[in-house]
Amino acid sequence: RALGWIGFNRKTLKYSLALVALTAIAVACARAVFKQRYVQVGDMWVLEVAQEKVRKITFPAISLENAEPVLSLPPEPISVPQAIGMLPYRLELPSLLPEGYSLLEQMVPPPVHPSWSLTLYWVNEGGGRLAFWSSKEFGGEIQAAAGTWEETSVLGRSAVLIRGRFLGFPDESQIGKPMELLIPTPGGPETTMEIEFRWDDKAGLGLIWSQGGGRFHLQTYGDYLSEADLIRIAESMGTP
């Protein structure tokens, strides 16, 4: 009986070790699959991330003595042509838009140093919305879930086409809109928040490219425009 018990324990130990080894391999493979990596596309960098993302946002404590005053009035809006004329990079409005789309607002906040960003929207009566934002060209990364993007071109220059986006993740289209975040008030302590974002590959298309010293981004929020439409709109915004 003792010998039988020892033999049984040896088999159990072997199975246990094998299970541990398989588990370790599975964990290593999973880490390899979800490991972030950078991919260079022309003069841009794409950071591939997992389709579920937890982002930590830390707001520093604000003392009453160092609290900055808040402007009582926003900057005076100017016309879109005036705003484009202020930019240190070349930008032209698209000469080709899908039928029924028109510029949502003719007056926009003036672009300011150092980002020199500009946000525009085109909409149609059916609820379709095409967002565009630009800024001075920078070395910042483009984040996309692995397997949801591809390299393409706009007038011969490298571009990044992304299918889907992180739902709820703030982007440049949210400029000027209130964010539902707990931001410390003067006198309050430092606050750290963890927000989870999930990727939805059916939540629209994004096209990002650089030209004339600027970084440009066209974004849809549904399936009302095709990839070819988006590229044609980008190419109608002038030569690189």
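Is Arg-37 buried, exposed or partly exposed, and at what relative accessibility? Arg-37 counts as partly exposed because its relative accessibility is 47%, where buried means under 20% relative accessible area, exposed over 50%, and partly exposed in between (1.4 Å probe, protein chains only). The model is a predicted one, in which local features need pLDDT of at least 70 and side-chain atom pairs count only at pLDDT 80 or more, whereas totals for chains, interfaces and linings use all residues. Residues are numbered from 1 along each chain as its sequence is written, and side-chain values use heavy atoms, with hydrogens and water left out.

The structure holds six salt bridges, a salt bridge being a side-chain nitrogen of Lys or Arg within 4 Å of a carboxyl oxygen of Asp or Glu. In one of them, the side chains of Arg-37 and Glu-48 meet at 2.6 Å, N to O. Because Arg-37 lies in strand E1 and Glu-48 in strand E2, this pair ties together parts that are eleven residues apart in sequence; helices (H or I, at least four residues) and strands (E, at least two) are DSSP runs, numbered from the N terminus. Glu-48 is buried, with a relative accessible area of 10%. A salt bridge of 3.5 Å, N to O, joins the side chains of Asp-43 and Arg-157, and since Asp-43 lies in the loop between E1 and E2 and Arg-157 in strand E11, the parts tied together are 114 residues apart in sequence. Asp-43 is partly exposed at 41% relative accessibility, as is Arg-157 at 31%. Glu-150, Arg-163 and Glu-227 are linked in a network of salt bridges.

Strands E1, E2 and E9 form, in that order, an open sheet of three strands with mixed pairing, two strands being paired if DSSP finds at least two bridges between them. Its edge strands, each pairing on one side only, are E1 (37-41) and E9 (142-145). Strand E2 (residues 44-49) pairs with E9 in the parallel sense over four bridges, and within E9 the bridge partner of Val-46 is Ile-142.

An antiparallel pairing over seven bridges connects strand E8 (residues 129-136) with E13, where His-217 is the bridge partner of Trp-133. Strand E13 (residues 214-220) is mostly covered, with seven of its seven residues buried. In a regular strand the side chains alternate between the two faces of the sheet. Both faces of E13 are covered, with Gly-214, Phe-216, Leu-218 and Thr-220 buried on one side and Arg-215, His-217 and Gln-219 buried on the other.

Ile-231 is found in helix H3 and counts as buried at 18% relative accessibility. Residues up to four places away in sequence aside, Ile-231 is in contact (heavy atoms within 4.5 Å) with Thr-152, Ser-153 and Leu-207. The C-alpha atoms of Ile-231 and Leu-161, 70 residues apart along the chain, are separated by 9.0 Å.
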